[in-house]
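Here's a quick tour for anyone meeting this structure for the first time. Have a look around, and then we'll pick out a few spots.

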Amino acid sequence: MSENEGALRTYGKVPEITTGTEVYKWLNTLDCIRVNLNESNEMKPYFYPAGPLVAYGTHADGYFWIIVDERYDIKNEDFDAIVDLINKQAIKLNIKDVPIVFFYWHPNKYYFCFH
């Protein structure tokens, strides 16, 4: 995942999946992590304006994406805490090593910078 151009940080590895059914199941599992995070509100302290996060979700390429406001000085412990929250939800679904990609959001532009 380190080849992901424009990425601020990457964690984990996208599993090797080949069939449409495997892809569907994997993306559905990632989306379950997203839904569980939303319902738990554990990410709330990290969201703008109190924190650096602008958005998060799942990408069709099989990873969990997180958008960080470039105006914030996000620290290593913030990255670690956010990744830990995601992994905590993933463990409940028997998933380890969740692929996570952090990207910067540029407030003066109308797009997210991820590919």
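Where is the place of proline 49? Proline 49 sits in the loop between α1 and β2. Keep in mind that this is a predicted model.

A cis peptide bond joins tyrosine 48 to proline 49, with omega at about 5°. That's worth a second look: most peptide bonds are trans.

Asparagine 41 belongs to the loop between α1 and β2 as well, and it is the residue that follows α1. Its phi is positive, about 60°, although asparagine 41 is not a glycine.

## Helix α1

Now step back to the helix itself. Helix α1 covers residues 20-40, and at 1.5 Å a residue its 21 residues should span 30 Å. The end C-alpha atoms are 30 Å apart, so the two agree.

Which residues of α1 are buried? They are Trp26, Thr29, Leu30, Ile33 and Leu37. Looking down the axis of α1, these buried residues fall within an arc of 90°, so they line one face of the helix. Their cover includes β2 (53-58), β3 (64-69) and α2 (76-92). Over on the other side of α1, Gly20, Thr21, Tyr24, Lys25 and Glu39 are exposed.

## Another positive phi

Aspartate 97 is in the loop between α2 and β4 (100-105). Here too phi is positive, about 60°, although aspartate 97 is not a glycine. Aspartate 97 is partly exposed, with a relative accessible area of 48%. For context, most residues other than glycine have a negative phi.

Terms used:
Residues numbered from 1 in each chain as written. Predicted model: local features only at pLDDT ≥ 70, side-chain atom pairs only at ≥ 80, totals over all residues. Heavy atoms only, no water. Helix = DSSP H or I, 4+ residues; strand = E, 2+ residues; numbered from the N terminus. Expected span 1.5 Å × (residues − 1). Buried < 20%, exposed > 50% of the residue type's maximum accessible area, 1.4 Å probe, protein only. Arc of directions from axis to C-beta. Contact = heavy atoms within 4.5 Å.
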